[in-house]
Amino acid sequence: MYRIAKAISKKTKKNFFIIIIDIIKCGFKYQAGYYDYQEFEFYNLTDEERKTYLTRGKNNEIIKKFNDMSSFHKFENKVEFNEIFNIYLKRNWMVLNNNNYCKFEDFFKSNHSIIVKPINDEGGHGVEKFIYTNQINCKDIYNKLISNDQLLIEECIKQHQDMNSLYDKSVNTMRMFTFYKNEKVYFLQAVLKIGNGGVVDNFSSGGMYTYVSSDGDVYVEAIDRNDNIYSKHPISNKKIVGFRIPMFKEAIELVKQCAKIIPEIAYVGWDVAISENGPVIVEGNCFPGVYQVKPSLINKKEGLIPKYNEIMRIF
């Protein structure tokens, strides 16, 4: 909190102690943590504008009200999730154990490129990519994965060439939010996550994110966890604003289908990739994060709460 307050004080020329007091006030009044305060620029918002922003505390209220905790395991356990949503994954996968080396070797050779994941981790931690060559020692990799509990093995998604043009070392995914109510699915918003130097696109692993319009066009610059702003990708040099997501309408239909499968988890953030053959589900999040456009990137200083209230009627 002190580090963030110092950075804001330096940026805005406002008194450090006044900022600290304001951060604490916003914590009580709007359930906003200091990351909310920084990311959504509360230091430049009026009280009326602050009320419209979905904070982490208010996001927790949504999840507590609409998502049944007893069903969280269906999303948090990646193997269980893959079994439930198998037809929407559209890729091969398997689970390692101490007795299936031969199956792993065959899987690795036949799929050539694989992604390995821990079964119960998040944020891209423990995710690695392996490419098969004649020189590679499959047994050593198998033993390493067993030892590290990286037990979920998936065929690599071959992403659409347009998505590849943004950044080709990771699969760039969309976090697509849905809400299920009275047997109707509402599509809320889409966030584009882009890799930046690694094999995953997660914000916590160095990636960046931006926002997608209802027509599938990126309309603001991307930001990373250090609050850096990107109009072009620093590695590919691809322009971010104006980038058009291929097969975006099909992706919306895909998540709407998935949202009906576990209705007791009404509010979900789906990670969707656009493959060469169309949109595919990567994973689902029953505790989706908070994503809102930074106020300085657009003219309208309004968060998600007015939009969410039209559907959820919680705030």
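A crossing of two helices is left-handed if the near helix is turned anticlockwise from the far one by less than a right angle, and right-handed if clockwise. Helix 9 passes helix 10 in a right-handed crossing.

This is a predicted model, in which local features need pLDDT of at least 70, side-chain atom pairs count only at pLDDT 80 or more, and totals for chains, interfaces and linings use all residues. Residues are numbered from 1 along each chain as its sequence is written, and side-chain values use heavy atoms, with hydrogens and water left out.

Helices (H or I, at least four residues) and strands (E, at least two) are DSSP runs, numbered from the N terminus.

**The helix pair**

Helix 9 spans residues 101–111 and helix 10 spans residues 138–148. Their axes come within 10 Å and cross at roughly 115°. Axes are lines fitted to C-alpha atoms, for helices over the stretch in contact, and angles run from 0 to 180 degrees between N-to-C directions. That makes helix 9 roughly perpendicular to helix 10, a term for angles of 65 to 115 degrees.

Which residues in helix 9 meet helix 10? They are Tyr101, Phe104, Glu105 and Phe108. Their counterparts in helix 10 are Cys138, Lys139, Ile141, Tyr142 and Leu145. Contact means heavy atoms within 4.5 Å. By class, this contact has seven nonpolar, no polar and two charged residues.

Four strands form an open sheet in the order 1-4-2-3, with antiparallel pairing. The edge strands are strand 1 and strand 3 (128–131), and each pairs on one side only. Neighbouring strands of this sheet are turned by 25° against each other on average, direction ignored. Two strands pair if DSSP finds at least two bridges between them.

Strand 4 has these pairings:

| Partner of strand 4 | Residues | Sense | Bridges |
|---|---|---|---|
| Strand 1 | 93–95 | antiparallel | three |
| Strand 2 | 113–117 | antiparallel | four |

Val95 stands opposite Leu152 in strand 4. Leu152 is also the bridge partner of Lys117. Ile115 stands opposite Glu154.

Is strand 4 (residues 152–155) covered on one face or on both faces? Both faces are covered. Leu152 and Glu154 are buried on one side, Ile153 and Glu155 on the other. Buried means under 20% relative accessible area (1.4 Å probe, protein chains only).

**Helix against sheet**

Helix 10 also lies across strand 2, strand 3 and strand 4. Helix 10 runs at about 165° to strand 3.

Note on methods:
Angles under 35 degrees count as roughly parallel, over 145 as roughly antiparallel, 65 to 115 as roughly perpendicular and the rest as oblique. Ala, Val, Leu, Ile, Met, Phe, Trp, Tyr, Cys and Pro count as nonpolar, Asp, Glu, Lys and Arg as charged, and the others, Gly among them, as polar. Buried means under 20% relative accessible area, exposed over 50%, partly exposed in between (1.4 Å probe, protein chains only).
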